Protein chains: 2
Amino acid sequence: MGQISTNSMDKKSFQEYYATGFSHCYGCGTSNEHGLHVKSYWAEEHPDETVAYFRPDSHHTGGFPGFVYGGLIAAILDCHGNGTAAAAGYRFQSRPMDSEPNLRYVTANLNLNYRRPTPMGVDLELRAHIKEVTDRKVLMELSLIAEGQVTVEGSMLSVLLPEKK
Amino acid sequence: MGQISTNSMDKKSFQEYYATGFSHCYGCGTSNEHGLHVKSYWAEEHPDETVAYFRPDSHHTGGFPGFVYGGLIAAILDCHGNGTAAAAGYRFQSRPMDSEPNLRYVTANLNLNYRRPTPMGVDLELRAHIKEVTDRKVLMELSLIAEGQVTVEGSMLSVLLPEKK
């Protein structure tokens with residue numbers, strides 16, 4: 001499905017580090033065979049940025065022919081944001097992503113401004129810029145880029161899920 | 001797929017009034033055979049409220065077993081909001097929804113607060129409360145209710161798409 005090759009493909013994505021019990025997400029879980037499989041990586045040039053690439057399927061159209069469904073955009077940005085939050089959380093704790101305990105984040109707020117239509121049939125670039133990290137939350141700015149133009153931008157607050165007892 | 005029966009099922013949903021050229025939306029288009037088919041109606045007791053019911057499929061899980069994927073929630077609320085905007089727009093113009101010219105709205109801002117996990121396996125109730133209507137935009141408050149509890153709430157601004165020339 002959607003995820004396309006990048007020069008980061010030789011590295012594991014954030015989502016591939018999720019523990020088996022937390023890898024069912026429709027948007028990015030490696031265990032969800034019907035899912036979208038969003039895969040997020042650190043951006044190479046920006047220490048506080050992450051990136052994912054995604055090519056929507058032909059049925060992911062919005063109401064207007066030729067443009068991507070806004071709900072799908074919200075979905076893939078949400079997964080990229082929570083993946084980014086996990087990566088930022090491990091970095092905050094100075095731990096590798098495959099170390100215990102597992103850190104998983106959930107969305108507390110997602111606020112998106114749709115600036116212009118997002119075209120179908122091109123690779124979409126998803127960016128998260130980390131603005132603030134504490135021991136319990138990660139605040140990010142999000143953007144979606146298509147053909148060099150930002151089509152959607154916004155912010156997201158992810159909060160750390162308490163560890164399962 | 002997801003949409004379930006309600007006591008409004010004998011009436012046409014807002015989305016069933018969309019013109020053929022605008023009915024491809026993955027979230028709510030009647031012409032998208034792979035879509036979610038969200039269907040929205042005026043709420044019976046509240047003149048400024050609309051309602052839709054949706055049952056996620058089993059693969060629409062979030063990263064945590066037993067809970068609905070947050071991205072899907074954003075998607076179905078987005079479709080319910082834009083459907084509501086269309087209905088509000090026709091009402092603002094004192095026209096029936098099957099009259100010309102067609103009014104279609106797109107998302108300008110979607111701002112969601114995830115208050116608690118949304119359980120899988122139950123019918124979800126989507127509500128939009130119309131706060132402001134002008135000739136170009138509709139502002140709404142959104143909420144998602146599962147088992148009597150609001151799990152997600154927020155706001156949405158939809159803007160009228162200029163008519164195709």
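Strand β3 (residues 105–114) of chain A pairs with β3(B) in the antiparallel sense, over 5 bridges; strands here are DSSP runs of type E with at least two residues, helices are runs of H or I with at least four residues, and both are numbered from the N terminus. Two strands count as paired if DSSP finds at least two bridges between them. Across this pairing, A:Leu110 has B:Leu112 in β3(B) as its bridge partner.

This is a predicted model, in which local features need pLDDT of at least 70 and side-chain atom pairs count only at pLDDT 80 or more, while totals for chains, interfaces and linings use all residues. Residues are numbered from 1 along each chain as its sequence is written, chains are lettered from A and ligands numbered from 1 in the order in which they are written, and side-chain values use heavy atoms, with hydrogens and water left out.

**Where the two chains meet**

- Contact (heavy atoms within 4.5 Å) involves 35 residues of chain B and 35 residues of chain A.
- Together the chains bury about 2,700 Å², with 61% of it on carbon and sulfur atoms; buried area is the accessible area (1.4 Å probe) that two parts lose on being put together, summed over both.
- B:Tyr26, B:Phe64 and B:Tyr69 supply 25% of the area that chain B buries against chain A, more than any other three residues.
- On chain B, α1 (70–92) and β3 (105–114) each supply at least two residues of the side that touches chain A.
- The largest share of that side, 10 residues, comes from β3(B).

**Polar and charged features of the interface**

- The side of chain B that touches chain A divides into 17 nonpolar, 16 polar and 2 charged residues; Ala, Val, Leu, Ile, Met, Phe, Trp, Tyr, Cys and Pro count as nonpolar, Asp, Glu, Lys and Arg as charged, and the others, Gly among them, as polar.
- The count of salt bridges between the chains is 0, where a salt bridge is a side-chain nitrogen of Lys or Arg within 4 Å of a carboxyl oxygen of Asp or Glu.

**Onward through the strands of chain A**

- β3(A) also runs antiparallel to strand β6 (residues 149–160) of chain A, joined by 9 bridges.
- In that pairing, A:Val106 has A:Val159 in β6(A) as its bridge partner.
- Strand β5 (residues 137–146) of chain A pairs with β6(A) in the antiparallel sense over 10 bridges, and A:Met140 stands opposite A:Met156 in β6(A).
- The hairpin of β5(A) and β6(A) has 2 residues between the strands, and A:Glu147 takes a positive phi near 50° there.
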